[in-house]
Amino acid sequence: MSALSLRNLLKTFGGLVAVANVSFEVEDLSIVGLIGPNGAGKTTVFNMITGNYRPDSGDVIFNRRAITGMPTHEIVSLGIARTFQNIRLFQNMTVLENVLAGCHCRMKAGLFSSMFRFPRQRREERHAVEQAMRELAFVGLDRQYNNLAGNLSYGNQRLLEIARALASQPRFLILDEPAGGMNDQETEDLMGLIRNIRGRDITVLLIEHDMNLVMRVCEKIVVLEYGAVIAEGTPAQIKTNPLVIEAYLGVED
Ligand SMILES: Nc1ncnc2c1ncn2[C@@H]1O[C@H](COP(=O)(O)OP(=O)(O)OP(=O)(O)O)[C@@H](O)[C@H]1O
Ligand SMILES: [Mg+2]
């Protein structure tokens, strides 16, 4: 079954067609890679899935339900979480506080009412902290919980964004260049982490320029060029596809 189905998504900015009738499926519990040259429209596709951009036309179907144009917080509450290509952390807050920011959307008592600290709110807060610490341990940052996010290495900031996304308890996780700025060892560890995320029954859709990571971790790869899908298939199929080699891999190697 498809967890996510994109149907003829179109997005233009002025005269520029950033995404030109893109359609593809993400099977439930799979790891799918979206690749393509700079400016191909990858992040714009993600922004339409997560409600950051409204498509000019086309549909986003999540678990058989159209979510096209829904506000981002509703999409999060349906179980889609994401990280950003340009890291968006609260640099002056601690690592733990950043993850708690991801939990709050799931807390019934809002931030304001929790200031009064009724027993139920205290329970929810304690639960949120425990959950946040579990996610930090999952990505390997629990010992740094009290450090300022801005003091983490670039690679660890990427992991923190993943922990924050996981704190919303998603069923579907979208990662925009998770290995960006990571060294070889961090990238290697990230592959294990992505597999472990799927091991928690979370479907993963990722954008990544690191071909080694994409080829080793993804079951399916979709290739965009100039806003359009030019190829789709297994890593083995993509590696040998002449269109892809010309458009993308040929440039890299
Ligand atoms: N908000 C916006 N306003 C105007 N143009 C935009 C906007 N967002 C994206 N674009 C343009 O749309 C095209 C696709 O951009 P997008 O960020 O989706 O590419 P990408 O595939 O993610 O590239 P990269 O690998 O460099 O991140 C680019 O030409 C970009 O300049
Ligand atoms: Mg991008």
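Colleague: In this predicted model, how many residues surround ligand 1, and which are the closest?

Modeller: A residue belongs to such a shell if one of its heavy atoms lies within 4 Å of the molecule. Here 15 residues surround ligand 1, and the closest are Gly 39, Lys 42, Thr 43, Thr 44 and Gln 85. Sorted by class, that shell has 6 nonpolar, 7 polar and 2 charged residues.

Colleague: Which helix or strand supplies at least two residues of the shell around ligand 1?

Modeller: Strand E2, spanning 16-27, and helix H1, spanning 42-49, each supply at least two residues of the shell, and the largest share, 3 residues, comes from H1.

Colleague: What should I look for as polar contacts between the side chains and ligand 1?

Modeller: The general idea is to look for a pair of N or O atoms within 3.5 Å. In this structure a polar side-chain atom of Lys 42 lies 2.8 Å from an oxygen atom of ligand 1, while an N or O atom in the side chain of Asn 38 is 3.0 Å from an oxygen atom of the ligand. On its own, ligand 1 has 630 Å² of accessible area, of which the protein covers 65%.

Colleague: How is empty space found in general, and which pocket does ligand 1 take up?

Modeller: Rolling a probe the size of a water molecule over the atoms shows where empty space is left. In this case, the space taken by ligand 1 is the second largest pocket, in which about 160 Å³ of space lies.

Colleague: Which residues lie nearest the centre of the second largest pocket, and what classes make up its lining?

Modeller: The second largest pocket is lined by 13 residues, and those nearest its centre are Gly 39, Ala 40, Gly 41, Lys 42 and Thr 43. By class, the lining has 4 nonpolar, 7 polar and 2 charged residues. E2 and H1 each supply at least two residues of this lining, with the largest share, 3 residues, coming from H1.

Notes: Residues are numbered from 1 along each chain as its sequence is written. Chains are lettered from A and ligands numbered from 1 in the order in which they are written. This is a predicted model: local features need pLDDT of at least 70, side-chain atom pairs count only at pLDDT 80 or more; totals for chains, interfaces and linings use all residues. Side-chain values use heavy atoms; hydrogens and water are left out. A polar contact is a pair of N or O atoms within 3.5 Å; within protein, one must be able to donate a hydrogen and the other to accept it, and residues adjacent in sequence count only if both atoms are side-chain atoms. Accessible areas come from the Shrake-Rupley method with a 1.4 Å probe; for residues, only the protein chains shown count as cover. On a 1 Å grid over the protein atoms alone, a cavity is a set of points where a 1.4 Å probe fits but cannot get out, and a pocket is an open set with protein on both sides within 12 Å along at least five of seven lines; lining residues have an atom within 4 Å of a point. A molecule sits in a cavity or pocket if more than half of its atoms lie within 2 Å of its grid points. Helices (H or I, at least four residues) and strands (E, at least two) are DSSP runs, numbered from the N terminus. Ala, Val, Leu, Ile, Met, Phe, Trp, Tyr, Cys and Pro count as nonpolar, Asp, Glu, Lys and Arg as charged, and the others, Gly among them, as polar. Grid points are joined across faces, edges and corners, and a volume is the space filled by probe spheres set on the points.
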